[in-house]
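Colleague: Could we go through the aromatic side chains of this model together, one question at a time?

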Amino acid sequence: MTEEPLKTLDDLVAVMAALRTPGTGCPWDLEQTFESIAPYTIEEAYEVADAIAKADLGHLKEELGDLLLQVVYHARMAEEAQAFALPDVVDAITRKMIRRHPHVFGDEAARSAPVAKGFWERIKAEERRRKGSSHGPASMLADVPIGLPALTRAVKLQGKAAKAGFDWPSLGPVFDKLREEMTELEAVAVPADPRGASGDPPTAPPDAVAEELGDMLFVVANVARHLELDPEDCLRRANAKFERRFAHIERRLAESGRTAEQSDLAEMDRYWDEAKALERREQDG
């Protein structure tokens, strides 16, 4: 008994074309648009990252396939709109990779030249200049995707601006700015009446509170950038730590047949501290 041959990229393209064929295709797939599919594209990229973080190569193979499907999906819709097709996507990215790696694909002189610091950014800057030539000057921030996670995008925006010299010279002034933003957030978020209960809602408009909170988070991202840390990774670690410690609280409460809803803050705080102490002991060996 012979094994069925592996399906190819052409097979996947044909499947997508069939799904999007009016009259015989899938009703759900036929009604999708770039906008409706975009959230799935982002989700699949995160699932690829999750499989990598878990070192699960079997799962990674599946998730890469799901992400590839998103590329084929968008390309098919673009082809229907007579904008471009999958071969154009492949051609564009191949040419870009060749263009951005002259030390690999260039002439003999380019291949023998040492890779100078910042050469990648210079190539991208030249690409931006060419794009902007017919649409006015292109901002050096224009190629930072809007769809990135906000903390990641903040770091990228700050990094681009820093290359132009718009940056604090050291970490100290960044912490000063963080303290300033925390003070401004507290001023609009805490009730003005000192007699008010701590749970009273802010007296400032919600938009004002949101703006100050956003400013503070933006500076937190800048702290991470100066420390050469990924704020998304830092927050993921903090999330995982919170989950571990809260699970300990739930286990301890379950020993007495209760849930977190049947406890109080003081008791849960004790178990939280207990979880911290257990972690420290494990870390100390």
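The questions and answers below concern aromatic pairs in this predicted model.

Colleague: How many aromatic pairs are there in the model?
Modeller: The rule is that ring centres of Phe, Tyr and Trp, the last taken by its six-membered ring, must lie within 6.5 Å. Applied to this predicted model, the rule gives a count of three.

Colleague: Is the pair of Trp-28 and Tyr-40 stacked or edge-to-face?
Modeller: The ring centres of Trp-28 and Tyr-40 are 6.0 Å apart, and their planes are at 80°. Because planes over 60 degrees apart fall in that class, the pair of Trp-28 and Tyr-40 is edge-to-face.

Colleague: Which helices does this pair link?
Modeller: Trp-28 and Tyr-40 are twelve residues apart, and the pair links distant parts of the chain. Trp-28 belongs to residues 27-30 and Tyr-40 to residues 34-53, which are helix 2 and helix 3.

Colleague: How are the planes of Phe-242 and Phe-246 arranged, stacked or edge-to-face?
Modeller: Phe-242 and Phe-246 both lie in helix 12 (residues 231-254), and because they are four residues apart, about one helical turn separates them. Their rings are 6.0 Å centre to centre with 10° between the planes, and since planes under 30 degrees apart take that name, the pair is stacked.

Colleague: Is Phe-246 buried or partly exposed?
Modeller: Buried would require a relative accessible area under 20%. Phe-246 has a relative accessibility of 27%, so Phe-246 counts as partly exposed.

Conventions
Residues numbered from 1 in each chain as written. Predicted model: local features only at pLDDT ≥ 70, side-chain atom pairs only at ≥ 80, totals over all residues. Heavy atoms only, no water. Helix = DSSP H or I, 4+ residues; strand = E, 2+ residues; numbered from the N terminus. Buried < 20%, exposed > 50% of the residue type's maximum accessible area, 1.4 Å probe, protein only.
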